[in-house]
Protein chains: 2
Amino acid sequence: MSDLELKCVNTIRAVSADQPQAANSGHPGAPMGCAPMAFLLWTEFMNYSSKDAKWIARDRFVLSNGHACALQYTMLHLTGYKIGVEDLKKFRQLGSITPGHPESFLTDGVEVCTGPLGQGICNAVGMAIAERHLAATFNTDDHKIFDNFTYVICGDGCLQEGVSGEACSLAGHLGLGKMIVLYDDNDITIDGPTSHSFSEDVNKRYEAYGWHVQTVDDVSKDLGDLRAAIKAAQAETNKPSIIKIKTAIGYGSPSKQGSEKAHGAPLGAEDLAGAKKFFGLPEDKSFFVPEDVQKFFTKAAEKADKKRVEWDANFAKYTAANPEKAAELSRRIAHKMPDGVFDKLPSFTIGKDKDLASRKHSENCLNAMCPLLPEMVGGSADLTPSNNTRFKGASDFQKATPEGRYLRFGVREHGMAAVCNGIFAYGALRPFCATFLTFVGYCVGAIRLSALSKSGVIYIMTHDSIGLGEDGPTHQPIETMESLRCMPNIMVFRPADSNEMAAAYKVALSKSTTPSVICASRQTLKSLKLSTIEKASTGAYVAVEAKDPKLVLVATGSEVGICVEAAAKLTADGVPTQVVTMPCQELFLEQTQEYQKSVLPGNVPTLSVEAASPSGWHRFSHAQIAMNSFGASGPGGEVMAHFGFTTDNVVEKGKALTDFYKDGTVPDLSNRPVFETVGGH
Amino acid sequence: MSDLELKCVNTIRAVSADQPQAANSGHPGAPMGCAPMAFLLWTEFMNYSSKDAKWIARDRFVLSNGHACALQYTMLHLTGYKIGVEDLKKFRQLGSITPGHPESFLTDGVEVCTGPLGQGICNAVGMAIAERHLAATFNTDDHKIFDNFTYVICGDGCLQEGVSGEACSLAGHLGLGKMIVLYDDNDITIDGPTSHSFSEDVNKRYEAYGWHVQTVDDVSKDLGDLRAAIKAAQAETNKPSIIKIKTAIGYGSPSKQGSEKAHGAPLGAEDLAGAKKFFGLPEDKSFFVPEDVQKFFTKAAEKADKKRVEWDANFAKYTAANPEKAAELSRRIAHKMPDGVFDKLPSFTIGKDKDLASRKHSENCLNAMCPLLPEMVGGSADLTPSNNTRFKGASDFQKATPEGRYLRFGVREHGMAAVCNGIFAYGALRPFCATFLTFVGYCVGAIRLSALSKSGVIYIMTHDSIGLGEDGPTHQPIETMESLRCMPNIMVFRPADSNEMAAAYKVALSKSTTPSVICASRQTLKSLKLSTIEKASTGAYVAVEAKDPKLVLVATGSEVGICVEAAAKLTADGVPTQVVTMPCQELFLEQTQEYQKSVLPGNVPTLSVEAASPSGWHRFSHAQIAMNSFGASGPGGEVMAHFGFTTDNVVEKGKALTDFYKDGTVPDLSNRPVFETVGGH
Ligand SMILES: [Ca+2]
Ligand SMILES: [Ca+2]
């Protein structure tokens, strides 16, 4: 490489190592090894605009080894994004825009939250799917609106994670030719040499997935091989590409190069100075960018931005020629719902319509919304006939049919969720995906990132309780709903009937920065007389009214019908009983205290009934009919009865509860303060 | 194959299809396709004893595609295990020993709970690790005590799951030559043909993992190729083996063979009769086993049992020659702790010992226990220096050093947990494993199976809150502890100091049928004056006493120290404050109501303080200082302060809570009934 190129690469290394040194915390090693990759991407290959970071047609870049974020911040700083040197100096400090792992909502130019290994490369698969689908949808013979590459840098850790294997197998199947992965093969993980645990032939594995695979032996002295490899990767449009690049972690560090010691802690003043000396940079300066280096990057950023200017002009012509398409694209990018679209959601008429399983209600909502909301793309982890997710008129998204909106994820739950995060991050799409509720346990690592990243992914999780029956305890969720309810920024719906399901879709689709989990039953549910979409949208409401109730039953989903029957018996037996249906705790807790008290008075004996863990219910109820063990295999109705989810048992426990408080000492659960909470993300 | 062999195979098919037909639910297709594999394993290859199903040296068999369990039940029935024809007729019925997916604790001869795809094959990796380690530990030059194979049948789904990729890459690295996988390559998944989503070259991928790979094109007419392949797999002792076997799902079904329609529903009477006709079996008989067929299997089972008889004789000689080793093995198989072993746990002396991070306390416990409990084997998912799990004197378990007890799992959390379930299922070992607490989200699918299967795996999860600091919200657990607390049969510990950590290890090691999650801090914690191992073993106790308290603070882990300081201020300010430390909710809820009330009176204003989701705390407290959002990147102390985890904020909110109830109407949280729960697993 030229002297100036080397100086640029070394500056990236030094500034990236300066950040953890200043923070006294962080990861210098990977940035120092990967600097040549970043240099080439930002100066020769990527189309981006630091003036318009959200330019829809930009090439996407994902730092899958998110701990290397000092590298990304350095690149964004050098190429004119809104990261000043003061921001670099505040690396890993509270309130900074340079946190310890990249956070998409904090920092311009960061596409997704990475850090949990393996996720970023899966997000990139989703982005490449989105690009291909949107290109098929919006491009015309005259105008290529969507035509970008998705680049990834990742390390050994990302490729050891199973989630990346899932998504990369899918990427190979789909032939996502515009995805290019630069694999930082540095032979080091936190525990030490990769030979401790990772001796597989990664290239061969990716060939098995159907990828285009190349190896670059050295990037420390010459960039020619890597440059040629990236060009070849761009040229291979039928297959995703991975380039295995041999690097040295902590390259340039006198004492830590090639060692796990360079991974997760600052180099230390002495070693960092030694590295700068080796780089030919002033040893006593921090965050130092030589003038010619900055000039070089500024020129590169200007060159990249020209592409955006050209695209803007092209898009103006496209808009003139295809005004409806352009308007539709703008609508989708803004996640704006068309006026009146939710009027088309199915609503139920008692006595006229048939009771159905709520997974059928979900299907009806998909059938109603998907034709009107072409931004909805999604599918199932190989449970399509059980999850009821293949909406009417759907066609598969496959290599030869990129216009299709139905995704065949295969038996890959974690990859599915991570891919959906990437589809959402790309923009202009609202992904949904599905499996059995219990298999949230396979993909909650990625669901958590939907919530943290404010990705409005919709999770359709059917077979939501022991009521699924014969498949038995491995398939029957107990802890799952509570494990999602206790997660920030995610809504968990468990609709009891058609109207509640419609409300779930309405709210989920309305909130583009909050993911939703829609839990649905395998078995048929009885519709509620008093349900409406509007009431269900408050999160909880009275399903059976009682004057001066002596008992309140609160339930969700399939247990609401049982409570309705029990309330009739109880009221007939002299215990006036009110039934509350609570399709969404999160929405209910957003309502005013007055509304909450009008639904759940708190000082009336309250029994919650949910065929799941009681944890979380003590907030709303004095006693619980719940699951304190795993379920059992048997016909669904019998299993429900065995565990006490019957009208008779609700009647019995309801009476026991009112008896328990017959002396009038019922503790008022609503008489509790809620302390304001500190804002976080 | 001979006529009789074919008749045997067809009988397996018919009896396996009879079960879902009788249940009107279940999966006939995979058993019909896989019958030839099962036939060969049980009649020619496996060492097993239906008279002594738990014979420690038996070959292990794992049905990773657990939905095919009718096949396993048929084999166990035919070879004399405790499964009668009545049991087969009760397939998928409540209370039967033939549930919808195999449950190890219900059915003799079932090694592990399978059904969630991908888990079983990982369990098998753990079993093969266990066998190799125990062989290295117990075998002598004269006596081979451990020397078994581990066989797996799995389908496409298991191999699509990322978790299997993780464990199989590790298996290849470790060269687990006595693991043999029969891959049912039937080109079908639930959604339809595998070509929808799965077009990778599986054989090549397994070669990349370092496996020995073979292909068998047909098993429907001839068993010779499969027989030869299994023999070759046995002979290859340096590498795990996978044999890709082309089959037809629903083989023999006139209308459903080769279609996803044979997968998840009974064939129907007509089609089943047609299949029986094709098999040459009486069309009108169900669960029919021809006499010569039963004789054949009985003979095979007797032959297999002879190996067990020989082994018993050999083991008697071994016991005579090595009485201590034999006694030690028996102790380990029974999961009996040596007398007094827990006396060696570290206990803390205030004023003498140094305050430490609780991950250091955990390390001290491992250092104390591992030398005394050689059944403890484990490691970390590439976070050894952060999780502090490499106990003193540990050596790595590697291909060349199978006597090592430290496992280098690589960056493979889900595989790690599933492998540990397999190690536990093998017997005579107590596996532990570790990652950051937030990455429970990557492996909870397998943790759930620890709980369901009653596998006493110990999970050491460090960096247990926002207090970890700079790594930021992707690494800071919020929902994680609650998501585990609401799961049945698992204990979640969050020790506040050394004595509480010792109690966690004591309880966790004592309970071999309940997994434990031990949460530990990155940062240093202050030790408690009143802590003892005994008190901490009750799950919660008074850490700071107050006479006639006006306020109770209840906290866990790193927040207890904050509450201790706050209580001193509050008491000085005229609000006598009691502090309760609650290292384990599950243990506390097992105590008597009296004890519970003595610790948490319920009618005194109670404020819980935990840097995690408030969900679950409403049971114990009137108000919460908790996390209602994700965390933030910054120095740990600053992040804790930002979110309100400071002495001052606890004092302020404590006063606000007592103010809130100054009119005396504090609801008594202990005045609530707990309804007895129906027993499940
Ligand atoms: Ca690495
Ligand atoms: Ca299959």
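**Ground rules.** I number residues from 1 along each chain as its sequence is written, with chains lettered from A and ligands numbered from 1 in the order in which they are written. Because the model is predicted, local features need pLDDT of at least 70, side-chain atom pairs count only at pLDDT 80 or more, and totals for chains, interfaces and linings use all residues; side-chain values use heavy atoms, with hydrogens and water left out.

**Calcium, chain A.** I looked up the donors (N, O and S atoms within 2.8 Å of the metal, or 3.2 Å for Na, K and Ca). For the calcium ion (ligand 1) I found Asp156(A) through OD, Asn186(A) through OD1 and Ile188(A) through O, at 2.4 to 2.5 Å. Their spacing along the chain is D-x29-N-x1-I. Water is not among the atoms, so the site may look incomplete.

I then checked burial (buried is under 20% relative accessible area, exposed over 50%, partly exposed in between; 1.4 Å probe, protein chains only). Asn186(A) counts as buried because its relative accessible area is 9%, and Ile188(A) does so at 11%.

**Calcium, chain B.** The calcium ion (ligand 2) is held by Asp156(B) (OD), Asn186(B) (OD1) and Ile188(B) (O), at 2.4 to 2.5 Å. I read the spacing of these donor residues as D-x29-N-x1-I. Asn186(B) and Ile188(B) are both buried.

**Interface.** I counted contacts (heavy atoms within 4.5 Å). Chain B puts in 118 residues and chain A 119. I listed salt bridges next (a side-chain nitrogen of Lys or Arg within 4 Å of a carboxyl oxygen of Asp or Glu). There are 8 across the interface of chain B and chain A. I noted the one between Arg448(B) and Glu479(A), whose closest N and O atoms are 2.7 Å apart. On the side of chain B that touches chain A, helix H16 (residues 440–453) gives the most, with 8 residues. Helices here are DSSP runs (H or I, at least four residues), strands likewise (E, at least two), numbered from the N terminus.

**Ser531(A).** I placed Ser531(A) in the loop between strand E13 (516–520) and helix H19 (533–536) of chain A. Ser531(A) counts as buried because its relative accessibility is 6%. Leaving aside neighbours within four places in sequence, Ser531(A) is in contact with Asp497(A), Asn499(A) and Tyr541(A).
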